[in-house]
Amino acid sequence: LKIGVFDSGVGGLTVLRELLQHVPHADYIYFGDTARLPYGAKSAATVAKYATGAVQHLVDRGAEFIVVACNTATALAIQEITASVHIPVIGVVEPGAEQAMRATKSKNVAVIATEATVGSHAYLRALERRGLRAQEKACPLLVPLIEEGWTDHSVTEQVVHIYLDTLFREHPQVDTLLLGCTHYPLIRELLRRVVPTGVAIVDSAESTALAVAAALQSQAAKAHIRCGEIQLLATDSTEKFRRSGERFLGRSIEQVELVTLHE
Ligand code: DGL
């Protein structure tokens, strides 16, 4: 089985990293739309146009199952993406909300994400459908700080305090923090230090990989356990993708293919 994984850039490699662990038998083709990132500050129409084009490219290259690893693309365009192809599509929002539901005891969840994801209220709706209350907080400075490699930096810690202290002070009933952006798993330890003790941290990357594993269970049972082929595609500098991608994927990257999409 060839699984196509799509993200605006390198962030979705945190989802691929989890997929490799939970669905190790599959072949993967990963598309990072680095020429057009960030998606997190763009409109729904633009994100839908970019995302459907990229996913079509993955289908043309033989993907049989699509994982929309980008929270922003899922939040803004999962319907358009799903309607544009004839193969199964899984995004990160529903699995993330599902895992938050399992983690919370107070039924009060905080979600941090990009400006566009928060503006879409996709997580809010997914959590409310599950009978939970949600506080959403856009944290636009975190993606550039994490891409800069400042994952354990005092500046990043201070920025997280500024974003989250008021939220947790005003909503002490919140007992679960849902990471609604591909980049945030890289600052999980830092977040742990900043958020009140006892708050569970839920990562949509891991929950999505578990959802894919569940969806493919019958095939997974039949397949031999092995790590299949991994192809990495980017729409801008392959060298930059390789360098910063390694931190997100958690393993070395040998080869990245440059792809040009025609609109
Ligand atoms: N991948 C995006 C997300 O998960 C973050 C980076 C971007 O804004 O493009 O929302």
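At what angle do the axes of helix α1 (residues 13-22) and helix α12 (residues 238-249) cross? Hold that thought while I say what we are looking at. This is a predicted model, in which local features need pLDDT of at least 70, side-chain atom pairs count only at pLDDT 80 or more, and totals for chains, interfaces and linings use all residues. Residues are numbered from 1 along each chain as its sequence is written, and side-chain values use heavy atoms, leaving out hydrogens and water.

A quick word on names: helices (H or I, at least four residues) and strands (E, at least two) are DSSP runs, numbered from the N terminus. Axes are lines fitted to C-alpha atoms, for helices over the stretch in contact, with angles from 0 to 180 degrees between N-to-C directions.

Now, back to our pair. The axes of α1 and α12 cross at roughly 50° and come within 8 Å. That makes α1 oblique to α12; angles under 35 degrees count as roughly parallel, over 145 as roughly antiparallel, 65 to 115 as roughly perpendicular and the rest as oblique. On the α1 side, L13, T14, L16, R17 and L20 meet F241, G245, R247, F248 and L249 of α12, where contact means heavy atoms within 4.5 Å.

Let's move to another pair. Helix α4 (residues 93-103) and helix α10 (residues 204-215) have axes that come within 8 Å and cross at roughly 105°. α4 and α10 are therefore roughly perpendicular to each other. From α4, P95, G96 and Q99 touch S204, E206, S207, T208, L210 and A211 in α10.

Is V92 buried or exposed? With 0% relative accessibility, V92 counts as buried; the cut-offs are under 20% relative accessible area for buried, over 50% for exposed and partly exposed in between (1.4 Å probe, protein chains only). Leaving aside residues up to four places away in sequence, V92 touches V15, V68, A69, C70, N71, T74, Y123, S204 and T208.

Last stop: helix α2 (residues 44-60). Its 17 residues, at 1.5 Å a residue, should span 24 Å, and its end C-alpha atoms are 24 Å apart, which agrees; the expected span is 1.5 Å times one less than the number of residues. Buried residues in α2 are V47, A48, Y50, A51, A54, V55, H57 and L58. Among the elements covering them are β1 (2-7), β2 (27-32), β3 (65-68), α3 (71-84) and β9 (230-234). After α2 comes G62, with a positive phi near 100°.
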